[in-house]
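User: Hi, I'm new to this one. Could you walk me through it?
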Amino acid sequence: MTAANTAAGEPLRLANSYSTLPETFYARIAPTPVASPSLIRINRALAEQLGLDADALSSPAGIEMLAGNRVPEGAEPLAMAYAGHQFGQFVPSLGDGRAVLLGEISGPDGLRRDIHLKGAGRTPFSRSGDGRAALGPVLREYVLGEAMAGLGIPTTRALAMVATGEPVYRERIEPGAVLTRVAASHVRVGTFEYFARRGQRDSVRALADYVIARHYADCAQADNPYRALLQAVVERQAALIGQWLLVGFIHGVMNTDNMAVSGETIDYGPCAFMDTYHPQTVYSSIDRGGRYGYDQQPRIGFWNLTQLANCLLPLLDDDMETAKQQAHAALDAYGPSFEQTYLGGLRAKIGLAQMHEGDDDLVLDLLTKMAEQEADFTNTFRGLSNTAADDPAGDAAVRALFSDPHAFDPWAERWRARLSLETRPDAQRSAAMRAVNPAYIPRNHRVQQAIDAAMDDMDLTPLDELLQVVSRPFDDHDALAEYRRPPQPQEVVHRTFCGT
Ligand code: AMP
Ligand code: MG
């Protein structure tokens, strides 16, 4: 079989639009070959969606490419330049220190996507780093990206994982791996900051034009395309963060270099899905002040977008005061977009199709109760989906999630009173709730078990099972129902690590 992006004899046929941008945007560099590459997993579903031939990619020639040992014909590999605010501190030069953009492919859907090798060796942006990735974080990124995609939330995804046959030196010696990352693009808020802070207005403009052409074509027709671009990025990012909150996701390192202007989730480091609901949950071991905790994400997203707005000011208007007004007006779209996604999503999570006064309070009161009562976030909403409007007897499973099951009852009574105002049949309400309330998230202890089994015993069964449930998280998968279970006290993962 020869798929669209697979030329005869060539597992990947790439275009290179980023490399037509000025030379200051990147460093041309090929991946550094590795000792003995072997395929860990190829993402067949994604390959198919992208018009790639998974068999060709899994062939010896394909694996050589996924490991960075052979550059596909016609590719112009490069490491992208970017800057970023890390925990609020500006770092003028970050860039791809351990990744190489091989090029781009156009999917059958007509969208252009980056093919990027993470862990591909040193680049001019590596600073003191070794340019490599350890297997543990690579497995983690693969699983979390698939889970996010399964939940229908915009995300980068992994096309493949290859073991390098070389050790990497972290807190302990770990096997090295290369992740093939597929993204709408790798342009970050920090990419704009790189040029803006150097006063390179023409480069900021060239980058903005590139982003409009690639992601926001409609903005080109606007009276002020850059103002339209800023607002569009603001709206997509607000919606993205709203969607994260609705599934209990905590990114963990929302530095401006880890925020893609395409609106996709990117850079899965010490991220986590929470088990027990608490708005102030923080997992990341490097996030000591809780800057990127669960409930801080909407605020920090806005802060990051303000940095983007600063970069775009010179493009918004020649008069600085007018430019600032334009920026403020675009940023003003953030709150409404976020609320529409988040509050609208919460109402859907409790089965409300109509809007009545007091609905937001009803659902926010549930969250307050869940936090007080240490209820499991995912299972509470999934459990509610499975209860009947006219039969509180079915509530046992949900009640049991609250430390004091009686604490759930007054809320349930209010909820049922409210449901009685809905006009759609109860079975329909229940099905609609199951379509927005996942049964499965990649629970931290399961992710850890899958990584441990792969690293310690070369056993990929837990990984494959986990991938099976999280890639279709709204299905019941009764045979694997164990993956719905929250961690036992001794299984709870309290801290997650970057592992870079
Ligand atoms: P991250 O923590 O993955 O968002 O990366 C932050 C910055 O550190 C980026 O510029 C990365 O390219 C760089 N970096 C992270 N790990 C390494 C590594 N092992 N070698 C070189 N650069 C790295
Ligand atoms: Mg990063």
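**A chat about strands, ligands and loops**

Analyst: Let's start with a strand pair: strand S7 (residues 112-118) and S10 pair in the antiparallel sense, over five bridges. Strands here are DSSP runs of E with at least two residues, helices are runs of H or I with at least four residues, and both are numbered from the N terminus. Two strands count as paired if DSSP finds at least two bridges between them.

User: Before we go on, what kind of model is this?

Analyst: It is a predicted model, where local features need pLDDT of at least 70, side-chain atom pairs count only at pLDDT 80 or more, and totals for chains, interfaces and linings use all residues. Residues are numbered from 1 along each chain as its sequence is written, chains are lettered from A and ligands numbered from 1 in the order in which they are written, and side-chain values use heavy atoms, with hydrogens and water left out.

User: OK, back to S10. Which residue of S10 is the bridge partner of Lys118?

Analyst: That's Leu179. Leu179 is also the bridge partner of Met161.

User: How many residues sit between S9 and S10 in their hairpin?

Analyst: Three residues. There's also strand S8 (residues 133-134), which runs antiparallel to S10 and is joined to it by two bridges. Ala133 stands opposite Ala177 of S10 there.

User: And how many of the residues in S10 are buried?

Analyst: Nine of the 11 residues in S10 (residues 173-183) are buried, so the strand is mostly covered. Buried means under 20% relative accessible area, exposed means over 50%, and partly exposed is in between, using a 1.4 Å probe and protein chains only.

User: Switching to ligands: what surrounds ligand 1?

Analyst: There are 17 residues around ligand 1, and the closest are Gly95, Gly97, Arg98, Asp130 and Gly131. To be counted, a residue needs a heavy atom within 4 Å of the ligand.

User: Which polar contacts does ligand 1 make with Gly95, Gly97 and Asp130?

Analyst: A polar backbone atom of Gly95 is 2.7 Å from an oxygen atom of ligand 1. For Gly97, a polar backbone atom is likewise 2.7 Å from an oxygen atom of the ligand. With Asp130, a polar side-chain atom lies 2.9 Å from a nitrogen atom of ligand 1. A polar contact is a pair of N or O atoms within 3.5 Å; within protein, one must be able to donate a hydrogen and the other to accept it, and residues adjacent in sequence count only if both atoms are side-chain atoms.

User: What are the protein donors of the magnesium ion?

Analyst: For the magnesium ion (ligand 2) they are Asn258 (OD1) and Asp267 (OD), lying 2.0 to 2.1 Å from it. Both Asn258 and Asp267 are buried. Donors are N, O and S atoms within 2.8 Å of the metal (3.2 Å for Na, K and Ca); water is not among the atoms, so sites may look incomplete.

User: How many disulfides are there?

Analyst: Zero, from a search of the whole structure. Cys219 is in none, and the nearest cysteine sulfur, that of Cys311, is 17 Å away. A disulfide needs a pair of cysteine sulfur atoms within 2.5 Å. Cys219 is buried, with a relative accessible area of 8%.

User: New topic. Is Asn255 buried or exposed?

Analyst: Asn255 counts as buried because its relative accessibility is 3%. It lies in the loop between strand S11 (249-250) and strand S12 (272-273). Asn255 touches His85, Gln86, Phe87, Tyr292 and Asn304, not counting residues up to four places away in sequence; contact means heavy atoms within 4.5 Å. A polar atom of the Asn255 side chain lies 2.8 Å from the backbone nitrogen of Phe87.

User: How far is Gln89 from Asn255 in space?

Analyst: They're 9.3 Å apart, C-alpha to C-alpha, and 166 residues apart in sequence. Gln89 is in strand S5 (residues 89-91) and counts as exposed because its relative accessibility is 57%.

User: Last one: what is phi like at Arg127 and Met458?

Analyst: Arg127 has a positive phi, near 45°, and Met458 has a positive phi of about 55°. Most residues other than glycine have a negative phi. Arg127 is in the loop between S7 and S8, while Met458 is in the loop between H16 and helix H17 (461-471).
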